[in-house]
Amino acid sequence: MGVCGLYLGRREIGRVYWEQEGSRVRLQVSCPCEPGWIYRVVLMTDKGELRLGVMLPEAERFMLSRDIPAGQVPYRALIDRTLPGEAHLP
């Protein structure tokens, strides 16, 4: 199992836990929930950026679970934080 930081700007606010399972890498992303905001996760891997999607609130935390193809080792994740209706990073 591996782990890397989840950053909002320069501040680490959460973690990405990952584990290789055959031809896939299973990711679990978690950080404190900030009501009113939309958090989108951008994963930095040794093969480039990978947009994972929107985190959902669960018990006062934002959570996201995804599978990505094996061979992409995550080393850092960033939050693209917007208010509803605001444009987000392309």
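Colleague: Why is S30 called buried in this predicted model?
Modeller: Its relative accessibility is 16%. Buried means under 20%. So S30 counts as buried.

Colleague: Where is S30 found?
Modeller: S30 is in strand β3, residues 24-32.

Colleague: Which residues does S30 touch, leaving out those up to four places away in sequence?
Modeller: L6, G14, R15, M55, R61, F62 and M63.

Colleague: What makes S30 and R61 a polar contact?
Modeller: Their side chains are joined at 2.9 Å. The cut-off is 3.5 Å between N or O atoms. The S30–R61 contact is therefore within the limit.

Colleague: F62 is on the S30 list. How many aromatic pairs does a search of the whole structure find?
Modeller: One. The pair is Y39 with F62, ring centres 4.6 Å apart.

Colleague: Why is the pair of Y39 and F62 called tilted?
Modeller: The planes of the two rings meet at 45°. Under 30 degrees would count as stacked, and over 60 as edge-to-face.

Colleague: What parts of the chain does the pair link?
Modeller: Distant ones. Y39 is in strand β4, residues 38-45, and F62 is in strand β7, residues 61-69. They are 23 residues apart.

Colleague: Are Y39 and F62 buried or exposed?
Modeller: Both are buried.

Colleague: How do you know that R76 lies over the face of Y7?
Modeller: R76 is 4.0 Å from the ring centre. The distance cut-off is 6 Å, with an angle limit of 35 degrees from the ring normal. R76 is listed as over the face.

Colleague: Which residue lies over the face of W37?
Modeller: R81, at 4.1 Å from the ring centre.

How values were computed. Residues numbered from 1 in each chain as written. Predicted model: local features only at pLDDT ≥ 70, side-chain atom pairs only at ≥ 80, totals over all residues. Heavy atoms only, no water. Helix = DSSP H or I, 4+ residues; strand = E, 2+ residues; numbered from the N terminus. Buried < 20%, exposed > 50% of the residue type's maximum accessible area, 1.4 Å probe, protein only. Polar contact = N/O pair within 3.5 Å; in protein donor to acceptor, adjacent residues only side chain to side chain. Contact = heavy atoms within 4.5 Å. Phe/Tyr/Trp six-rings, centres within 6.5 Å; stacked < 30°, edge-to-face > 60°.
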